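Hello,

Here is the structure I promised to pass on. Please have a look at it first, and then read my notes below.

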Amino acid sequence: MRVSLGARSYDVLIGAGLLGSLGERVAGVLGPSGRGARAFAVADAGLPNATVALVVGSLQAAGYAVGSVRLAPTEQDKSLSTLQAVLAQAARHRLERNEPFIALGGGIIGDLTGFAASVYRRGVPVVQCPTTLLAMVDASVGGKTAVNLALPGDAGLTKNMVGAFHQPALVVADVVTLASLPQREFRCGLAECVKHGLIAADWDDPGLLGWLEQHLDAIVGRAPETLSELVRRNVAVKAAVVAADEREEAAPAARGRA
């Protein structure tokens, strides 16, 4: 799928087994990695070790020296202090301009990593590798990045108060990662798909909700081919919304459609 935003356009790759060739795909978008090129991966601490190792190994095979950190994907850890720690780790790894952050996880990891990329050296590329259904169909597409802000007293956290629009260089949605997703999180993503189905007629896919109902058993059974189609059609809706109003500047009534 292509997210059409002029000079900020990018591809969303969807399918099974894509992470094994991630390094090659990143080099294809950003240019040959060259000797001494670096990448910095931020991964969900709950992901299987094999998934993280696959990503790191693929980047290394493409010529990247890979630094990495694993984070707990909680709203409390989606913070300015965590952001500072990630930036410090990237600086220690000597990440330079045009060398990417790699976000490997759900929406919290994607938001935080994308924001880190937007401010590190005044902006470096980020490659989003969503591993939850919700992140695949929504959070990884559109360039919205942020962390929460802790307010003094009893105000608590203000969600996504500090952030930036920073479009990814590439999104790689490998549906194989959904096999290890807890049922509750999978259903959260499915709820977002239902929401897209309800508005999809306004975005050139009036049959999306009916298709979802017809294929629900295969979706719940996490059949890779069906999941790929599910993600593809939902990303098409999200991409159309983003292309129409990249920075959410439309009037509230118009935004309500998306």
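**The sheet and the rings around it**

This is a predicted model. Its 7 strands make up an open sheet with mixed pairing, in the order β1-β2-β9-β6-β5-β3-β4. The edges are taken by β1 (2-3) and β4 (65-71); each has a single partner strand, so one side of each is left without a neighbour in the sheet.

Strand β5 (residues 101-105) runs parallel to strand β6 (residues 126-130), and the two pair over 5 bridges. In that pairing, L104 sits opposite C129 of β6. Helix α4 (residues 107-119) packs on the sheet and touches β3 (38-44), β4, β5 and β6. The direction of α4 makes about 170° with that of β5.

Now to the aromatics: how many aromatic pairs does the structure hold? There are 2. In one of them, the ring centres of F40 and F101 are 5.8 Å apart and the planes stand at 75°, so this pair is edge-to-face. F40 belongs to strand β3 and F101 to strand β5, 61 residues apart, so the pair links distant parts of the chain.

Y120 is buried, as is F101.

Elsewhere, R222 lies over the face of F186, 4.3 Å from the ring centre.

Best wishes

Technical notes. Residues numbered from 1 in each chain as written. Predicted model: local features only at pLDDT ≥ 70, side-chain atom pairs only at ≥ 80, totals over all residues. Heavy atoms only, no water. Pairing = 2+ DSSP bridges. Helix = DSSP H or I, 4+ residues; strand = E, 2+ residues; numbered from the N terminus. Contact = heavy atoms within 4.5 Å. Axes fitted to C-alpha atoms, helices over the stretch in contact; angles between N-to-C directions. Phe/Tyr/Trp six-rings, centres within 6.5 Å; stacked < 30°, edge-to-face > 60°. Buried < 20%, exposed > 50% of the residue type's maximum accessible area, 1.4 Å probe, protein only. Lys NZ or Arg CZ within 6 Å of the ring centre and 35° of its normal.
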